[in-house]
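Student: Could you take me through one chain of this model slowly, and then show me how it meets its neighbour? I would like a close look, one part at a time.

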Amino acid sequence: MTVIHPNMADEGAKIRARDVCVFYGEKKAIDEVSIDISPNYVTAFIGPSGCGKSTFLRCFNRMNDTIGAAKVTGLIELDGEDIHGSRMDVVQLRARVGMVFQKPNPFPKSIYENIAYGPKIHGLADKKADLDVIVERSLTRAGLWDEVKDRLDDSGTALSGGQQQRLCIARAIAVDPEVILMDEPASALDPIATAKIEELIDELSGRYAIVIVTHSMQQAARVSQRTAFFHLGKMVEYGPTSEIFTNPIEERTKDYITGRYG
Amino acid sequence: MSPITLILIAIGLGLLGWLAGRAKAWSFQTGDAAMRPASRPIYHAWYVALWVVLPVLAFVAAWSVIAPNLVLQSVLATPEAQSLTGFGFERNAFIGEARAVALGQAPGVFNTEAEPLIAPFRDAFARYNTIGIIVTVLIALAGGALAFLRLKPQFGARTKVERTVLTILLLASLVAILTTLGIFASLVFETVRFFGIVSPIDFLFGLKWGPDILAPPDAVDPSRYGAVPLFWGTIFIGAVIAMVVAIPLGLMSAIYLTQYADPRVRAWIKPLLELLAGVPTVVYGYFAALTLAPMIRNVAVALGATNASTESALAAGIVMGVMIIPFVSSMADDSMAAVPGAMRDGSLAMGATKSETIQRVLFPAALPGIVAGIMLAVSRAIGETMIVVMAASQAANLTANPLEPISTVTVQIVNLLTGEQSTDHPATLSAYALGFVLFMVTLALNFVALRVVKRFREAYE
C-alpha cells in the first residue's frame, strides 16, 4: 500500500508508471509500483540497500532489457506514450531519457569524443562546427567547460573522478534529453566533488526532469523537491521532499528517516 | 642397476626414518597444554625422512657419473688391459664389448680380443656396486641419526620442512628456465660458427637460398645462403595469408560469442572452437597437403592460372589460419570481456545500438588486448612447422604469388637437420642460424605482446 501525499495532485506527469513489477527470474524485485514523475522537479528515490530503487529507475529507459533474466510488467508512459509500445524504439527512448551511473564511466576516448558520441549516433550534427557547438554547450551546462576547454583531446579517463562524472552528465545532456536518470551519481566521489554535482543538479532542474537515486538522505533533502521512499520492492510513501522528511505519514518512513534502520 | 637400487634403498630407509621420527615426536605429546610441542608429529617424521633421502639423492646423482669412470680406470689398470692389442677406435670397441657382456647386455663377444677383459669388468662392477650400496646406507643412516637426535619438543620441524619443500619447488621451476637458456646458448654457439663461414650480411640480406650440401665445407659459396626468400615465405604464409584468414574469423567469432550468443550456445561453441587448438598440427598438415592444396590448384587452373602449384603458399597459409583462429578469438574474447560492463551500459544508455556499442566503444577499448593476441598468434604461426613441412614447398622462391611454391624457415631447418648430415658443414650450421633468427623474432613478438596485455589489464583494474 502506497501513501501518496495529497497536495501534489495535478502537476502533470512526464513519466507515468502504473503497477510496474520487475522480476529477476523468480524473484520479484519491484512490486506494483505506480508513480507520476513531475517534469519540473528533481525527484529522489530513497530507501535501504536492495530495496529496488535502482532497479525501478532503470525501467524508465529500459536498461533492464540488457539484463537477460530481468522481466518488466505494467505500464510506463513517457509523455503519454507507452515506452514498451511498438511505436517506441528503445534507441529513441534512451535519447529522450538519459542516464548517469553510480561509477563515472567515460569512454576511453578524448573528452571531445565522449561528448560527441551521442550526437553522432543520433545524427544531431552533420558538420564539425555544429558538433563543436554541442560539445561546448554541453560541457558549459555541466560546469566543466572552463576546466577542460584547453585539453579537449585528452582522454576522458584521465580526468579526476568528479570531473569524470560531470563529463558523463555533459555526455547525457549532449543529446538533449527530456529526462535525466541519475543512479547514485555521487556515491563514488569525495565531498567536494559531491557538492559540485549537487550544485549542477540544482542548475539543471527545470530544464530537464531529473530522477535521482540516492542512499544519502541528506543529499535527497538538499537536491530534490519530490521524494519517494522504497522498501522491500514496494514504494512506501511519495510526496514533497519537505513533507517526507519533516512530517512522514507512514511509520516505516519515519523509522528510516530517523535512522532506525537502513 | 645401481642408481635405481640405491634410490629404492634410500626410500626404504626414509620410510623407517619417517616412522622413527613420528614415534619420537608422539612421545613429546604430554597432554599438558603449556608444554605443547612446537610442531605436529607429522612434520618431525618428514624432517627425518628428508634428511635420509635428500643426501642420498645427491650422492646417487654424483655417483652415477663417477662410478663408470672408476670402473673403467680400474679395468685399464689390470694386466689384461695392458696387453690389449689395437689402437684408438678399435681398442675402444673391445672395451665397450667387454663391458656390455659383463653387464649382461650382450650374450657374448664378437672380437675374441675382448674376451679376457670380461672378468676384470665383472670384478670392478661388483666391487663398486658394493661400495655404492655401503656408502648409500651410511649416508642415509648418518643423515637420519643427525635429524633424529635434533628432534625435541621445542624443535621447529614444520618451518624446516616447509623451507626444504620450497627449495625443491624453486629448483623445479629453474629447470625450465635453465633449459631455455641452454637451448639459447647452443643456438648462439652454432650460429656464431656459421657466421664464421658465411657472413651475416650475406645471410640476412641475400636473395638466393640453395645450400649446396655436396660442396666441400671449405669451398662454400656464400651467395647460396641468402635467407631473404625464407623470411619472406615465413612472413607471407604465417603473418599474411594465415592472418587474412584468422583475424576476421577469429574476431567475428569472438564478437558473436561475447556479445550476441545465448549462454547455452556459448557453452557449446566456445569449447568446440578451442578444440581446434588441440588438433595435432600434423593432422592439419595432411588436410592441407592432401585435400586443400590439390583443390586450390584445380580451381586456379580452371580459372586460367598456368603456374599453380600443388605446394602453394595459399593452402598452407589457409590451413594455418584456421589453426590460429582459436588463439585470436580467445584473446579477443578475454579482452572484450575485460572491458568494464559500465562502459557498455554507458553507451547503451546513450541510445547506441548493440552493434554501435561494439564498434565504437567495446572494440576500441579492447583493441590493445586484441592486437597483443594477434601478435601471439603470428609468433605461433611463424614458428609452426608441421603444416608447412607437409604442405609448403622445399623450393625457396621469392614471390608474392600465393599459388606458387614458397618455402619457410622451419621447412628448411627440418630439411637441413634430418637425414645424415655432417655436423660441421655450413649447410647444417645454417639451420642453427635460421633457428636463431626465428627464436629472436618470436621472442620479441611474445615479449611485446605480453607487455601490451599487462598494461591493458592494469588500465582496467
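Tutor: Happy to! Keep in mind that this is a predicted model. Let's begin with a sheet in chain A: four strands form an open sheet in the order S3-S2-S5-S6, and their pairing is antiparallel. At its edges stand strand S3 (27–37) and strand S6 (81–82) of chain A, and each has a single partner strand, so one side of each is left without a neighbour in the sheet. Look next at strand S2 (residues 15–24) of chain A, which pairs with S3(A) in the antiparallel sense over 7 bridges. To find your place in that pair, look for Ile15(A), which stands opposite Ile37(A) in S3(A).

Chain A has another sheet to explore. This open sheet has 7 strands in the order S1-S11-S10-S4-S9-S8-S7 (chain A), and the pairing is mixed. Here strand S1 (3–4) and strand S7 (97–100) of chain A are at the edges; each has a single partner strand, so one side of each lacks a neighbour in the sheet. Inside the order, strand S4 (residues 42–46) of chain A and strand S10 (residues 226–231) of chain A pair in the parallel sense over 4 bridges. In that pair, Phe45(A) stands opposite Ala228(A) in S10(A).

Now follow the chain to the loop between S7 and H3 of chain A, where you will find Pro104(A). Is Pro104(A) buried or exposed? Residues count as buried when 20 or more other C-beta atoms lie within 10 Å of their own. Pro104(A) has 25 C-beta neighbours inside 10 Å, so Pro104(A) counts as buried. Leaving out residues up to four places away in sequence, Pro104(A) touches Gly161(A), Gln164(A), Gln165(A), Cys168(A) and Ala188(A). Arg166(A) is 62 residues apart from Pro104(A) along the chain, yet their C-alpha atoms are separated by 8.4 Å.

Let's step back to the whole of chain A. Its secondary structure comes to 10 helices and 11 strands. The radius of gyration of chain A is 18 Å, close to the 18 Å that the globule rule gives for 262 residues, so chain A is as compact as a globular protein of that length. Along the principal axes, the C-alpha atoms of chain A fill a box of roughly 55 × 45 × 35 Å. Of the 262 residues in chain A, 46% are buried. Among the contacts in chain A with a separation of 6 or more, 69% come from residues 24 or more positions apart.

Finally, here is the meeting with the neighbour. In all, 18 residues of chain A are in contact with 14 residues of chain B. Helix H2 (90–96) and helix H3 (111–121) of chain A each supply at least two residues of the side that touches chain B. Sorted by class, that side of chain A has 10 nonpolar, 5 polar and 3 charged residues.

Across in chain B, look for helix H12 (residues 341–349), whose buried residues include Met343(B), Arg344(B) and Leu348(B). The buried residues of H12(B) pack against H2 and S7 of chain A, together with helix H13 (354–383) of chain B. Just after H12(B) comes Gly351(B), which takes a positive phi of about 90°.

Key
Residues are numbered from 1 along each chain as its sequence is written. Chains are lettered from A and ligands numbered from 1 in the order in which they are written. This is a predicted model: local features need pLDDT of at least 70, side-chain atom pairs count only at pLDDT 80 or more; totals for chains, interfaces and linings use all residues. Two strands pair if DSSP finds at least two bridges between them. Two residues are in contact if their C-beta atoms, placed from the backbone, lie within 7 Å. Ala, Val, Leu, Ile, Met, Phe, Trp, Tyr, Cys and Pro count as nonpolar, Asp, Glu, Lys and Arg as charged, and the others, Gly among them, as polar. A residue is buried if 20 or more other C-beta atoms lie within 10 Å of its own, exposed if 12 or fewer, and partly exposed in between; C-beta atoms are placed from the backbone. The radius of gyration is taken over C-alpha atoms; the globule rule is 2.2 Å times the number of residues to the power 0.38.
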